[in-house]
Amino acid sequence: MENLIEIEHLTYGYQERAVLEDISLAIAPRDFTLLIGPNGGGKTTLLKLILGILTPWSGTIRFQGETGGRLGYVPQSARFNRTFPISVFDMVLTGCIRGDNYLSRHTREEEEKSGAILEKLALYGKRKDNITDLSGGQLQRVLIARALVSEPVSLFLDEPTTAMDITSQTDLLDLLAELQERMSIMVVTHDPTPYAQSYRHIACLNRRLYFHGRGELDSATLEKVYGCPVEILGHGIPHTLLAAHEEGKRP
Amino acid sequence: MSAILSYEFMQNAILVGIMASIVCGVIGPFIVTRRMVFISGGLSHTAFGGLGIAYWLGIRPLFGAMAFVLTAAVLIGRQEEKRLSQNDLFIGILWAVGVAIGILFIHMTPGYAPDLMSFLFGNILTVPRADVLITLLLTLIVTGAVTIYYNGFVAIALDEEYARARRLPVAALKMGLMILTALSIVTLIQVVGILLVIALLTIPVAIASEFARNFRRIMLLSILCGILICLSGLMASYFIEFPSGASIILIGGALLGVVKGVKRVTNRRKTALP
């Protein structure tokens, strides 16, 4: 298996309603995939299925080697208990916890790794602070640190720039560019603009998936791709617009 | 003082008070951070059903309470996992049905049920020695399980989805925490009674959270707060013959009020400085 992750004919929904239908998608090593689409289009749901937080109705997700156990997840900061009394350092340390080691104490090595990552993300001075005292941008970096401490081979970020000012955004993009040397990255966003220079694949998701392969990122395609989310969000008529740049792939 | 300690009922009361405080401090922070306060209220009230049946059958009331609370905990846990229906609706129903069963069986039991009031409102001064041993066992189970599964419980209290993504057995951990909550409630019912259990699970944690911002330290401080409150309430009950459960809770509530008030004044003074 050449790809890190291969998703085939994935379908999932809440209660009776399908949110995702027949999704097929592959993630190669060191890929940078941008997953865009309107609100409620199933972006976060797809992420949760890949991460094993949700179980699909049908379809398969296959992982290369031990990839399945080495996924990094940076959720939207609104999705966890922000009032939990925990320091930045301890929060990052929880990233080391896995299904097979959660009964043991944290090792010295894990603590050193957490410290090093905090240093790298310019958070070391904040390590003793409570997570409740952080700004949105700082908290986002803590969540990234928590994901990185487990040394993932594939990193998933859900709307990472939402709470960030322009400077933090630039820092994040620099970091992602560096991380891409070592891991595949998938970013879920409703606003692809900040990632214009970074991504290699773009996938438009609105219940079904509209995916662009490699080598299509000429200016004409870029223009179309850029048109896609803007139009979706503006008018809510994704299908007609997306059909224009579907390029022979299954709608 | 040593004269008081020579009474067996007083020794029992102090032991049970300390053990209850340990249980509160160990499980209370999880209940508060996981927002399980309403669940705890529901669980403690279903105990009344078990008590009623135990009276009717003529068996030890504590066992009846334990059977009911554990069953309710498993039902609520399963309901939560399947997300079959709105959980607070289900808890509300269990709460009321439990109490109704209790009332019915007590009505059907001939004669007067003398211990009934102590189960509703708690009476730490009448805990029999056998129940002290059961409380000790429950305390050991709760503290032991939380010590072993600490990282897992923190993971689900902090970020359940992340714990799932990291392949932790989230469903089992949630059910485990629910069952430990049930066991803690059974322990606490003896001290403050069915109606007041929630207070002992929340007040020490609320006081501790004013001073500590680290989960372990909140646990430790909650235990100390609990001991302070329980033993003060016990003394109030012994010397001025106040109902023990109510004394414990009111001392706790007053302490929380004082702590909050003092903090407010000192904070204002701090911000007033140039």
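**Notebook: cysteines, helices and a chain contact**

I started with the sulfurs and found zero disulfides over all chains. A reminder to myself: this is a predicted model. A:Cys96 has a relative accessible area of 5%, so I noted it as buried. A:Cys204 went into the buried column too, because its relative accessibility is 1%.

**Entry: A:Ser114**

From A:Cys96 I moved to one of its contacts, A:Ser114. I found A:Ser114 in helix α3 of chain A, which covers residues 108-120. Buried or exposed, I wondered about A:Ser114? It is buried, because its relative accessibility is 0%. Its side chain comes to 2.9 Å from the backbone oxygen of A:Glu110. Leaving aside residues up to four places away in sequence, I listed A:Phe89, A:Val92, A:Leu93, A:Cys96 and A:Val149 as what A:Ser114 touches.

**Entry: helix α4 of chain A**

Next I checked the length of α4(A): its 13 residues reach 18 Å from first C-alpha to last, close to the 18 Å expected at 1.5 Å a residue. How many of the residues of α4(A) are buried? I got 11 of 13, so I wrote down "mostly covered". Among them are A:Gly137, A:Gln140, A:Arg146 and A:Leu148. I was pleased to see both chains in the packing list: the buried residues of α4(A) pack against β5, α2, α3, β6 and α5 of chain A, together with α9 (160-165) of chain B.

**Entry: helix α5 of chain A**

I then noted A:Gln169, A:Leu172, A:Leu173, A:Leu175, A:Leu176 and A:Leu179 as buried. They sit on the same side of α5(A), because they cover an arc of only 165° around the axis. The face turned away from that buried side carries A:Ile166, A:Thr167 and A:Asp174, which are exposed. What covers the buried residues of α5(A)? I found β3, α3, α4, β6 and β7 of chain A included.

**Entry: where chain B meets chain A**

Last, I looked at the contact between the chains, which takes 36 residues from chain A and 23 residues from chain B. The two chains bury about 2,600 Å² between them, with 52% of it on carbon and sulfur atoms. Which residues of chain B lose the most area to chain A? I noted B:Leu158, B:Tyr162 and B:Arg166, together 29% of what that side buries.

Methods. Residues numbered from 1 in each chain as written. Chains lettered and ligands numbered in written order. Predicted model: local features only at pLDDT ≥ 70, side-chain atom pairs only at ≥ 80, totals over all residues. Heavy atoms only, no water. Helix = DSSP H or I, 4+ residues; strand = E, 2+ residues; numbered from the N terminus. Buried < 20%, exposed > 50% of the residue type's maximum accessible area, 1.4 Å probe, protein only. Polar contact = N/O pair within 3.5 Å; in protein donor to acceptor, adjacent residues only side chain to side chain. Contact = heavy atoms within 4.5 Å. Arc of directions from axis to C-beta. Disulfide = S-S within 2.5 Å. Buried area = accessible area lost by both parts, 1.4 Å probe. Expected span 1.5 Å × (residues − 1).
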